[in-house]
Amino acid sequence: MQWKSTDKEVGFVVDLGTTSPFEPAGAIIGGSDRSVSVVARKAGCYKYSAGACKSGAIYGMCGTGYARLIIIEGN
């Protein structure tokens, strides 16, 4: 799976916590000039948070959302 921002000068953090199904494990940190590729290793339903900020943003000008990701086994 590839995570990236389509807006210029926007960075993001995706955090699935300690139950992350991805390798490499840990928070996924990227932006418009840095896409991040990870490989899902475990099927299941996962809760995650995603935050984004425009370059140069000050406190309170970033956004965070919460969602679920469903990964199914397949080829």
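Colleague: What should I keep in mind about the numbering and the model?

Modeller: Residues are numbered from 1 along each chain as its sequence is written. This is a predicted model, where local features need pLDDT of at least 70, side-chain atom pairs count only at pLDDT 80 or more, and totals for chains, interfaces and linings use all residues, while side-chain values use heavy atoms, with hydrogens and water left out.

Colleague: How many helices and strands does the protein chain have?

Modeller: The protein chain has 0 helices and 8 strands. Helices (H or I, at least four residues) and strands (E, at least two) are DSSP runs, numbered from the N terminus. Read from that end, the elements go β-β-β-β-β-β-β-β.

Colleague: Why is F12 called buried?

Modeller: Buried means under 20% relative accessible area, exposed over 50%, and partly exposed in between (1.4 Å probe, protein chains only). F12 has a relative accessibility of 10%, so it counts as buried. Across the protein chain, 25% of the 75 residues count as buried.

Colleague: What does F12 touch?

Modeller: Contact means heavy atoms within 4.5 Å. Leaving out residues up to four places away in sequence, F12 touches W3, K4, S5, I28, I29, G30, G31, G51 and A52. A52 is 40 residues from F12 along the chain, yet their C-alpha atoms are separated by 4.2 Å. In the protein chain, 48% of the contacts with a separation of 6 or more come from residues 24 or more positions apart.

Colleague: Where is F12 found, and which residues share its face of the strand?

Modeller: F12 is found in strand β2, which covers residues 10-15. Its covered face holds V10, F12 and V14, whereas G11, V13 and D15 make up the uncovered one. In a regular strand the side chains alternate between the two faces of the sheet.

Colleague: How do you know that β2 and β7 pair?

Modeller: Two strands pair if DSSP finds at least two bridges between them. β2 and β7 (residues 44-54) have 6 bridges and pair in the antiparallel sense. V10 stands opposite K54 in β7, and the bridge partner of G11 is C53.

Colleague: How many bridges join β2 to β4?

Modeller: There are 4 bridges between β2 and β4 (residues 28-31), and these strands run antiparallel. Here V13 has I29 as its bridge partner.

Colleague: What makes the sheet an open one, and in which order do its strands stand?

Modeller: The open sheet has 4 strands in the order β4-β2-β7-β8, with antiparallel pairing. β4 and β8 (63-71) stand at the edges with a single partner strand each, so one side of each is left without a neighbour in the sheet. From one strand to the next, the twist averages 25 degrees, with axes being lines fitted to C-alpha atoms, for helices over the stretch in contact, and angles running from 0 to 180 degrees between N-to-C directions.

Colleague: What stands out in the backbone of the loops?

Modeller: Most residues other than glycine have a negative phi, and most peptide bonds are trans. E9 is not a glycine, but has a positive phi of about 60 degrees; E9 lies in the loop between β1 (2-3) and β2. A cis peptide bond, with omega about 0 degrees, joins E23 and P24. P24 is found in the loop between β3 (22-23) and β4.
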